[in-house]
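Hello,

Here is the structure we talked about passing on. Please look it over before reading my notes below.

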2 protein chains.
Amino acid sequence: MTPTTREECAALDAADPLAALREEFVLPEGVIYLDGNSLGALPRSTPARVADMIEREWGQDLIRSWNDAGWWDKPRTLGAKVAPLVGADTDEVVVGDGASANLFKCLVTALRLSDRSVVLGEAGNFPTDLYVTEGAVGLAGAQQRRIDPDGPGLAQELAREDVAVLLLSHVDYRSGVLRDMAGITRLAHEHGTLVIWDLCHSVGAVPIELSGNDVDFAVGCTYKYLNAGPGAPAFLYAARRHHAAADQPLSGWHGHARPFDFTPDYEPAPGVSRFLSGSQPLVADAALEAGLDVWAKADLAHVRTKSLAMTDLFLARAASVGLASITPAEHERRGSQVALVQPEEGAGYPIVQALIERGVIGDFRAPDVMRFGFTPLYLRYVDVYDAATALVEVVESGEWRAERFNRRSQVT
Amino acid sequence: MTPTTREECAALDAADPLAALREEFVLPEGVIYLDGNSLGALPRSTPARVADMIEREWGQDLIRSWNDAGWWDKPRTLGAKVAPLVGADTDEVVVGDGASANLFKCLVTALRLSDRSVVLGEAGNFPTDLYVTEGAVGLAGAQQRRIDPDGPGLAQELAREDVAVLLLSHVDYRSGVLRDMAGITRLAHEHGTLVIWDLCHSVGAVPIELSGNDVDFAVGCTYKYLNAGPGAPAFLYAARRHHAAADQPLSGWHGHARPFDFTPDYEPAPGVSRFLSGSQPLVADAALEAGLDVWAKADLAHVRTKSLAMTDLFLARAASVGLASITPAEHERRGSQVALVQPEEGAGYPIVQALIERGVIGDFRAPDVMRFGFTPLYLRYVDVYDAATALVEVVESGEWRAERFNRRSQVT
């Protein structure tokens with residue numbers, strides 16, 4: 001049921017099983033933040049958690065904390081906290097490095113597990129996925145082909161039966177399209193293709209079942225819906241069935257079977273730990289852990305229900321002022337973000353800026369997309385209603401045409 | 001001049017040009033910390049710096065901080081702060097990822113710049129360097145050979161003129177041996193070999209001249225002598241003459257020439273930025289910046305003078321109770337750490353534990369090495385004197401033979 005009035009939104013907030021979680025976040029005064037799909041908001045517990053890590057674990061206990069504070073095992077203990085959010089077992093996920101480096105590891109590992117040499121990717125994927133694939137295939141002597149995964153090309157390309165690895169984003173960063181993980185993974189496997197899912201825009205946004213869908217590998221970042229802090233360490237999932245044979249190229253000492261023997265030759269650790277490389281930034285890990293501990297209190301089914309109701313509401317009101325949506329109307333094809341286009345060319349950027357001036361923060365993605373993320377842990381239905389009202393007013397009034405809204409900044 | 005009495009040490013402290021810097025650090029009560037070569041102490045300014053980054057930059061300003069707080073450029077601004085510590089120009093260093101990943105990038109890049117396919121490394125190098133080399137040569141179709149770089153093998157191997165890349169640690173992690181960067185780099189270049197220096201155990205420990213010695217590439221970590229926090233992001237140096245041709249394999253969007261154009265194909269950034277991959281952990285970067293800002297107040301010539309006097313003092317007193325040193329007596333071959341061996345087999349571990357019980361923190365490295373690091377920014381001469389006294393007493397008394405000192409923990 002899509003709410004249509006502010007009163008209905010307030011009633012939904014009053015009955016919202018996630019309502020109390022909003023109190024777990026710091027949110028700036030006078031702001032409705034619709035960019036949690038880019039950088040999640042700050043959990044209230046993070047500053048104290050990080051301060052304790054710095055002042056006690058580092059400052060007072062110094063190197064003893066490698067044992068006593070669990071620093072050495074942090075990639076695994078954090079991985080175990082990510083696991084339920086992606087439908088994996090706790091020993092199939094590690095946290096460390098960035099999403100780009102983890103994707104590189106998964107691509108090379110998967111290519112080595114296959115006797116084929118084609119990586120099939122998306123023409124419109126987030127650029128780093130394309131660039132990292134370029135780097136990995138260049139070094140591994142493989143090739144990259146690209147398709148639109150939402151069209152007929154995907155099945156056609158897989159049917160050629162020369163694809164070693166299919167790399168897709170679960171939710172498209174720009175349009176918010178959610179892909180059918182179950183069906184696509186099954187189809188790829190039927191054609192002898194391994195699958196890597198990039199979960200950057202879906203983890204914490206939609207329920208995910210990696211193990212249940214027999215997914216081979218996955219990577220994701222933690223600084224968007226998981227609220228771990230800007231650039232926080234990423235995660236890597238590898239299905240248990242691949243652990244023993246996985247031969248990843250960034251073979252550092254944290255991935256060694258017996259790291260404290262200081263042996264000269266590399267012997268990979270038995271489980272998913274073999275995907276680790278070097279030491280991890282533990283100050284950033286402390287912030288990440290605080291974010292994951294908030295997620296431990298959330299039911300992803302509630303998150304999904306609220307997300308769909310919020311995006312339904314926002315899409316309906318945007319349509320009322322003539323904005324086109326490139327985000328699907330069908331729930332099963334929608335992530336937790338909405339991408340809108342104003343028919344007048346070049347209008348996207350200034351409309352986003354005019355909204356920011358009103359305290360509604362979304363973002364802009366080239367060529368002309370207005371992007372709004374919906375984070376059920378800390379957004380209320382009334383916030384979404386008020387943000388939609390601001391959007392309607394900005395478009396109807398034409399205030400976005402003012403010259404000050406068209407000055408571009410470097411990063412948006 | 002090596003001090004020999006506590007009074008002489010106190011006099012040296014009174015005249016020490018670095019003395020005031022000790023106040024910039026938090027040091028636990030009752031501890032003499034001789035493990036700053038493993039994990040540097042906490043700068044006093046770090047907690048507030050990190051808290052401000054979290055609460056204001058992230059919590060209040062959210063995504064605006066990518067511009068307003070300089071997040072996007074942090075790998076370059078932090079690189080510019082590392083540059084004077086390694087004798088490089090500010091546009092030759094970036095900070096990001098870990099030392100293992102950065103080493104991988106440099107190895108593959110250097111192999112691609114050469115028409116040879118051998119990486120020459122050290123048999124006794126810190127394991128991750130060996131493991132990462134194994135990973136890089138495996139993927140790049142190259143080979144690894146290993147020598148003792150302090151023996152005649154180095155010149156012999158280089159004279160074969162089939163070595164593409166020489167990878168050495170500037171200071172050996174175990175023995176504290178300092179290598180002749182100028183002479184070795186020159187010799188390698190004479191034989192057509194590119195050089196990568198691992199500076200993990202030398203940056204902040206000894207003066208370094210990368211540009212002045214025409215070094216090709218270097219990597220280093222920041223959490224030892226630079227006091228950036230456990231596992232803090234690493235740095236990468238590439239000589240400017242290599243920038244245009246450098247083709248590094250972890251090609252992510254932060255290394256792209258025009259990252260916000262979201263173009264599908266990779267086009268590397270013109271300078272050292274092409275060595276970047278993905279987003280960096282900015283909470284950890286804030287701690288790193290606090291550490292580097294303390295270093296901006298230190299003169300590396302003073303650091304070196306004090307370091308040598310301290311290690312001279314410690315070595316002399318260790319010798320007085322029959323401990324052998326595997327750290328060179330010659331100043332020009334010594335880093336800022338001391339490695340000792342007790343003639344009785346298996347004595348190293350319990351002696352280190354007995355010292356820790358007395359508040360003197362050093363560490364142990366297999367097979368039987370006691371390792372002590374000297375960090376002139378926050379150690380006083382009297383601390384070194386007192387630590388040496390404790391060592392002398394532990395050895396002379398035989399108290400280390402107590403059973404409680406021989407229970408091994410996982411990480412040392």
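This is a predicted model: local features need pLDDT of at least 70, side-chain atom pairs count only at pLDDT 80 or more; totals for chains, interfaces and linings use all residues.

Helix α4 of chain B runs over residues 74–86, which is 13 residues. From its first C-alpha to its last, α4(B) reaches 18 Å, close to the 18 Å expected at 1.5 Å a residue. There is a kink of about 30° at Ala80(B), shortly before the proline Pro84(B). Just after the helix, Gly87(B) has a positive phi of about 65°.

Which residues of α4(B) are buried? They are Lys74(B), Pro75(B), Leu78(B), Gly79(B), Val82(B), Ala83(B), Leu85(B) and Val86(B). The cover over these buried residues includes the strands β4 (93–95) and β10 (235–238) and the helices α10 (282–295) and α11 (300–319), which belong to chain B.

Now the interface. Chain A and chain B bury about 6,800 Å² between them, and carbon and sulfur atoms give 69% of that area. Chain A brings 81 residues to the contact and chain B brings 81 residues. Polar contacts between the chains come to 22 residue pairs. Elements that give two or more residues to chain A's side are β3 (42–43), α2 (46–60), α3 (65–68), α5 (99–113), α6 (127–140) and α10 (282–295) of chain A. Of these, α6(A) gives the most, with 11 residues.

There are 2 salt bridges across the interface. One of them pairs Asp265(B) with Arg146(A), with the closest N and O atoms 3.1 Å apart.

Regards

Technical notes. Residues are numbered from 1 along each chain as its sequence is written. Chains are lettered from A and ligands numbered from 1 in the order in which they are written. Side-chain values use heavy atoms; hydrogens and water are left out. Helices (H or I, at least four residues) and strands (E, at least two) are DSSP runs, numbered from the N terminus. The expected span of a helix is 1.5 Å times one less than its number of residues. The bend at a residue is the angle between axes fitted to the seven residues ending there and the seven starting there. Buried means under 20% relative accessible area, exposed over 50%, partly exposed in between (1.4 Å probe, protein chains only). Contact means heavy atoms within 4.5 Å. Buried area is the accessible area (1.4 Å probe) that two parts lose on being put together, summed over both. A salt bridge is a side-chain nitrogen of Lys or Arg within 4 Å of a carboxyl oxygen of Asp or Glu. A polar contact is a pair of N or O atoms within 3.5 Å; within protein, one must be able to donate a hydrogen and the other to accept it, and residues adjacent in sequence count only if both atoms are side-chain atoms.
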